[in-house]
Amino acid sequence: MNVTESVKTRRSIRAFTDQPVDMATLKTILETAQFSPSGGNVQPWSASVLTGEPLRQLIDVVAAKLPEGPAGQSPEYDIYPKNLPEPYRSRRYGVGEALYESIGIPREDKMARMMQMAQNFRAFEAPVCMFVHTPQFMGPPQWSDIGMWLQTIMLLLREAGLDSCAQEAWSLYGAEVREAADIPEDHVFFCGMAIGYRDPAAPANGFSVPRAPVQESITYMGFAD
């Protein structure tokens, strides 16, 4: 698989099979991802990779907190800016509505939507989940570096026939993740990443996720016609 194929076939997978992930393959991917770019070669990323019993225990702990709603959450940061304006708001809510439509959950079925949201905290049944963190003193440029590192990992996973779902939702239960993943107190917990093999028959993995026309965000200057 070339880079273009990896980019075009990568998507946020929300239904995984129970096929285990080979540890040697995962180690190779993470070692290769160390070549990701970072400003000043700072390499600000850190992560804990959980599978088996440690991951199951974390899932159980968070499941016990879910009935408490927002009162049981300990968010590390605001996932989205408050009062997100257009066109960003429509993009955000549009993909959510497309997901619910694909699995047959109508807008008025709030309970079913909450149950689907709760699947985030089961890592969508993926056998592996990676939890990403960085020192608190790191700033926006270093968070950008972490994003490039994560994208590199996701593309390398695709090359290996694996899939992923980057999950900022885990930050809502930062305290529980910190304990399970042994994240240092002076680090910010950023996100989880579910890793495994996609279920190709699952509707949640097949709905269309439109992208904005490139001319909305890119300007060319100085090029000949």
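How do the residues of the lining of the largest pocket divide into nonpolar, polar and charged? I found 24 nonpolar, 10 polar and 12 charged, where Ala, Val, Leu, Ile, Met, Phe, Trp, Tyr, Cys and Pro count as nonpolar, Asp, Glu, Lys and Arg as charged, and the others, Gly among them, as polar.

I note that this is a predicted model, in which local features need pLDDT of at least 70, side-chain atom pairs count only at pLDDT 80 or more, and totals for chains, interfaces and linings use all residues. Residues are numbered from 1 along each chain as its sequence is written, and side-chain values use heavy atoms, without hydrogens and water.

A pocket here is an open set of points on a 1 Å grid over the protein atoms alone, where a 1.4 Å probe fits, with protein on both sides within 12 Å along at least five of seven lines, and lining residues have an atom within 4 Å of a point. The largest pocket holds about 2,100 Å³ of space, and of its 46 lining residues Arg 14, Tyr 80, Arg 92, Val 95 and Gly 96 are the closest to its centre. I saw that α4 gives the most to this lining, with 11 residues.

The second largest pocket has a volume of about 270 Å³, and its lining divides into 11 nonpolar, 2 polar and no charged residues.

I then followed α6, a helix (a DSSP run of H or I, at least four residues), which has 20 residues and reaches 29 Å from its first C-alpha to its last. Just after α6, Gly 161 takes a positive phi of about 85 degrees.

Key. Grid points are joined across faces, edges and corners, and a volume is the space filled by probe spheres set on the points. Helices (H or I, at least four residues) and strands (E, at least two) are DSSP runs, numbered from the N terminus. The expected span of a helix is 1.5 Å times one less than its number of residues.
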